[in-house]
Amino acid sequence: MSTVLSFGEILWDFLPDGLFAGGAPLNSAYHLHRHGHHVHLVSGVGKDLLGDELVRRIRAWGLDTETLTFHQGLPTGYVRAEVSTKGDAHYDIVSSVAWDQILVDEDVVRAAVSADALVFGSLAQRTPVNRAALDRLLTVLPDTAWRVFDVNLRAPYDDLDRVGELAPQATLLKLNAEEANRLATGHDAEDPGNEESHARTLAERLACPMICVTAGARGAGLLRDGKWHWEPGRDVVVADTVGAGDSFLAALVSHLLSEKLSDGECVTRACRLGEWVASKRGATPAYDSSTPSTSSP
């Protein structure tokens, strides 16, 4: 069992059909835990009703909360999400909340110095406090630990300079097809069919050993050591896409860490779990070893 730190935003998704605990780091942590890893959440919550309920649910899932920052003066974060008729989600991310001030104390450092992996995103880098906190974690991690950078470019918190600073420090850079096109060419729109080209451009430009590009229903690809592995997507009845990419990342990281499968098989397993989550409501549906991606090789 590997020990993984998940750094960044945890919050409530205000969806049309209810409130769901969320944030990419929390979603990824949930799915990594489902895959059998010991996960430390490094984030912040407010000492308020929403924070209390968020912590209660996190603990009910079996996740560690000792590395959370509890704030008296900042509220627990939340996002208003609107889901289209196609299942796509659009977000209004509230600022000046607890996860904007993540503190790296002795408990966090103690967890980091023996960790096998650190998963972090770009959204939480919107504040100087969090940028300093992540830099410290990257410094104290073992040299052998995986550094997994999940790019999440959501305006106005899409600092490309910060992405450029962090990407060369990553073992694995994961981003969607639109983000890959933006970073590789400067164009905002998705460019279907050019995922491999964009991955190769970014690998050379950012000196990152592994690049993963996801393309929603079309599939996903992974580039390592010059070899590109592409897995086409399969049709599912989509309930919503909230958290599907986070579950994909968790499955991919889990299987890569285990070193039991080829890179192509790791991408395949990750795609199947992402599709299954997209067929369910919310980002954290319950599942067991019979769910796609979690069964034994």
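**Ground rules.** I worked on a predicted model, where local features need pLDDT of at least 70 and side-chain atom pairs count only at pLDDT 80 or more, while totals for chains, interfaces and linings use all residues. Residues are numbered from 1 along each chain as its sequence is written, and side-chain values use heavy atoms, with hydrogens and water left out. I took helices (H or I, at least four residues) and strands (E, at least two) as DSSP runs, numbered from the N terminus.

I looked up the strand order and found an open sheet of eight strands, β4-β1-β9-β10-β11-β12-β13-β14, with mixed pairing. β4 and β14 (227-232) are the edge strands, each with a single partner, so one side of each has no neighbour in the sheet. From one strand to the next, the twist averages 15 degrees. For angles, axes are lines fitted to C-alpha atoms, for helices over the stretch in contact, and the angles run from 0 to 180 degrees between N-to-C directions.

I then looked for a helix on this sheet. Helix α9 (residues 263-278) packs on it and touches β13 and β14. The direction of α9 makes about 30 degrees with that of β14. Contact here means heavy atoms within 4.5 Å.

**Pairing.** I noted that strands of a sheet pair through backbone hydrogen bonds, either parallel or antiparallel. Two strands count as paired if DSSP finds at least two bridges between them.

- β1 and β9 run parallel and are joined by four bridges; V4 has A117 in β9 as its bridge partner.
- β9 and β10 also run parallel, with five bridges, and V119 has V148 in β10 as its bridge partner.
- β12 and β13 (residues 219-224) run antiparallel, with five bridges, and T214 stands opposite A220 in β13.
- β2 (residues 11-15) and β3 (residues 18-22) pair in the antiparallel sense over five bridges, and D13 stands opposite F20. These two strands form a hairpin with two residues between them.

**Strand β9.** I checked how covered β9 is, and five of its five residues are buried. Buried means under 20% relative accessible area, exposed over 50%, and partly exposed in between (1.4 Å probe, protein chains only). A117, V119 and G121 point one way, while L118 and F120 point the other way. In a regular strand the side chains alternate between the two faces of the sheet.

**Helix α4.** I compared length with expectation, where the expected span is 1.5 Å times one less than the number of residues. The 13 residues of α4 (residues 128-140) should span 18 Å, and the end C-alpha atoms are 19 Å apart, which agrees. Its buried residues are N130, A133, L134, L137 and L138. They cover an arc of only 135 degrees around the axis, which puts them on the same side of α4; the arc is that of the directions from the helix axis to the C-beta atoms. The face turned away from this buried side carries the exposed residues P128 and T139. Among the elements covering the buried residues are β1 (3-7), β4 (38-42) and α3 (106-112).

**Helix α6.** In α6 (residues 177-185), I listed A177, E179, A180, N181, L183 and A184 as buried. The buried residues pack against α5, β11 (172-176), α7 (195-206) and β12 (210-214). At the start of α6, a side-chain oxygen of N176 comes to within 3.2 Å of the backbone nitrogen of E178. Just after α6, G186 takes a positive phi of about 90 degrees.

Terms used: A polar contact is a pair of N or O atoms within 3.5 Å; within protein, one must be able to donate a hydrogen and the other to accept it, and residues adjacent in sequence count only if both atoms are side-chain atoms.
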